[in-house]
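I opened this notebook to keep track of what I looked up in one protein chain. The entries run from the whole fold down to single residues.

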Amino acid sequence: MQFKRTMFVATAALAAGSAAATADDLTLCWAAWDPANALVELSKDFEAQSGHTMSFEFVPWPNFADRMLNELNSGGELCDLMIGDSQWIGLGAEAGHYIQLNDFFDAEGISMEDFLPATVTGYAEWPKGTPNYWALPAYADVVGWTYRKDWFEKPELQAEFEETYGRKLEAPKTLDELKDIATFFQERTIDGKTVYGAAIYTERGSEGITMGVTNVLYNYGFDYGTPEDPYKLEGVVNSPEAAEGLEFYKELYDCCTPPGSSDWYMSEDIDAYKSGQVALQMNFAFIWPGVEADPNVGGGKSGYFANPEGPNGHFAQLGGQGISVVSYSDSQDAALEYIKWFAQPEIQQRWWDMGGASAMRAVVEAPDFATSQPFAQTFLDSMAIVKDFWAEPAYASLLLAMQDHVHSYVVAGEGTAQEALDNLVSDWTEIFEDEGKM
């Protein structure tokens, strides 16, 4: 599918140290989480330079997609700038919600080569693999793992683990090793308290269990189509290897998670980890600054590792978002000024320093980046192995189908893994046929 390039060139450039010719009130829409608070502080610099006033509409993650996709689909004028999920990019482009940024990038000397390739593909491109850009990479994120390094270092636990498993108790390199560690800690007493193995994603209502289970499925062989046929589902989505991966995720849930964790996502995993309930935590990398600063689990008590490899691959689920200009905005020029300001290397460096996650190569490939935070190297390792969910315009329907079938098998114990994936292929086939893609 080819898209005609639409001309949206800013008519008011952001001059360093000078105010824009006309001052606008801009509203930036995003999820309500710690990075959003950091962006509010960072944006004060833009307000001072440009003369524009920034307002923010932040929605909690469980309601973020419903609220903001309804806003876009209705042609609402609330948001001038949208930091939308990576999976929305196809809808944003094909439905005309976002303006295309190619001409603006060319005019302002903003190059996508200056950003991590995975984030350009994940957050900005549509169709994928083409130089058609609908966003600037804004927040680089990926699923990784946090572990209780202080527990791992207890001599008595090290000795028992090595005697049981024949290897040292350390951050796992494979999914099998991860399950061994989670099993080892399950219902163990540490410091007089019963603890559990792992907090993983199981939430059904939005996207949680999909964002969790894919970290296993990818590494067993599950994929979204093939290079030759991007909509080939049969034998790819539901291959025997993929079914084995789904069985593994259920086994991990059954053996090694805390009681009552049947509907957990980011915040529940964070709470379980910070309160000392679990040895391992699956979560997006955005939580790592908060973990490191936490009085109970920070200050060297925690360690970080990339999603472990499986028998048929080594990937991690991409998170993060790009920032787009909403086509229904009456302040598109001012919104483009914001993107130009945000794309400056010095602003991107401050974004990282303040708790954001820059995708700019000048920041993350700097010689001192890997040692800038205890989790920085893990962030780099994780971003090098990312894979993302569908970014098709029918993303929401595709996601709901996967949430339903995976949760029904993993948590509710209905049917078999193979049946769950076969049913998923059936649903996805119907969706793509309705879209005219198959």
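The entries below begin with the whole chain and then turn to selected elements and residues.

**Entry 1, the whole chain.** I noted at the outset that this is a predicted model. I counted the secondary structure and found 18 helices and 10 strands in the protein chain. I then looked up the overall dimensions: along the principal axes, the C-alpha atoms fill a box of roughly 70 × 50 × 35 Å. The radius of gyration is 22 Å, which agrees with the value near 22 Å that a compact globule of 438 residues would have.

I asked what share of the 438 residues counts as buried, and the figure is 57%. Among contacts with a separation of 6 or more, 75% are between residues 24 or more positions apart. The accessible surface comes to about 16900 Å², and carbon and sulfur atoms contribute 48% of that surface. For the charges, I recorded 24 positive and 69 negative side chains, with the centres of the two sets 6 Å apart.

Strand 4, residues 136–148, runs antiparallel to strand 8 and is joined to it by 5 bridges. Within this pairing, I noted that Thr-146 of the chain stands opposite Tyr-304 in strand 8.

I listed the buried residues of helix 5, residues 117–124, as Thr-119, Val-120, Gly-122, Tyr-123 and Ala-124. I then looked up what covers these buried residues, and the cover includes helix 3 (89–94), strand 4, strand 9 (316–325) and helix 16 (376–383). In the loop between helix 5 and strand 4 I found Pro-127. The peptide bond that joins Trp-126 and Pro-127 is cis, with omega about -5 degrees.

Glu-187 is found in the loop between helix 8 (175–185) and strand 5 (188–190). Is Glu-187 buried or exposed? Its relative accessibility is 56%, and because exposed means over 50%, Glu-187 counts as exposed. Asp-191, also not a glycine, has a positive phi of about 55 degrees, and Asp-191 lies in the loop between strand 5 and strand 6 (193–199). With a relative accessible area of 66%, Asp-191 is exposed.

I ended with Leu-175, which lies in helix 8. Why does Leu-175 count as buried? The relative accessible area of Leu-175 is 3%, and buried means under 20%, so the residue counts as buried. Leaving out residues up to four places away in sequence, I found that Leu-175 touches Val-216, Asn-219, Tyr-220, Phe-248, Pro-308, Glu-309 and Gly-310. I also looked up the separation between the C-alpha atoms of Leu-175 and Trp-341, which is 42 Å for two residues 166 residues apart along the chain.

How values were computed:
Residues are numbered from 1 along each chain as its sequence is written. This is a predicted model: local features need pLDDT of at least 70, side-chain atom pairs count only at pLDDT 80 or more; totals for chains, interfaces and linings use all residues. Side-chain values use heavy atoms; hydrogens and water are left out. Helices (H or I, at least four residues) and strands (E, at least two) are DSSP runs, numbered from the N terminus. The radius of gyration is taken over C-alpha atoms; the globule rule is 2.2 Å times the number of residues to the power 0.38. Buried means under 20% relative accessible area, exposed over 50%, partly exposed in between (1.4 Å probe, protein chains only). Contact means heavy atoms within 4.5 Å. Accessible areas come from the Shrake-Rupley method with a 1.4 Å probe; for residues, only the protein chains shown count as cover. Lys and Arg count as positive and Asp and Glu as negative; His and the chain ends are not counted. The place of a charge is taken as NZ of Lys, CZ of Arg, CG of Asp or CD of Glu. Two strands pair if DSSP finds at least two bridges between them.
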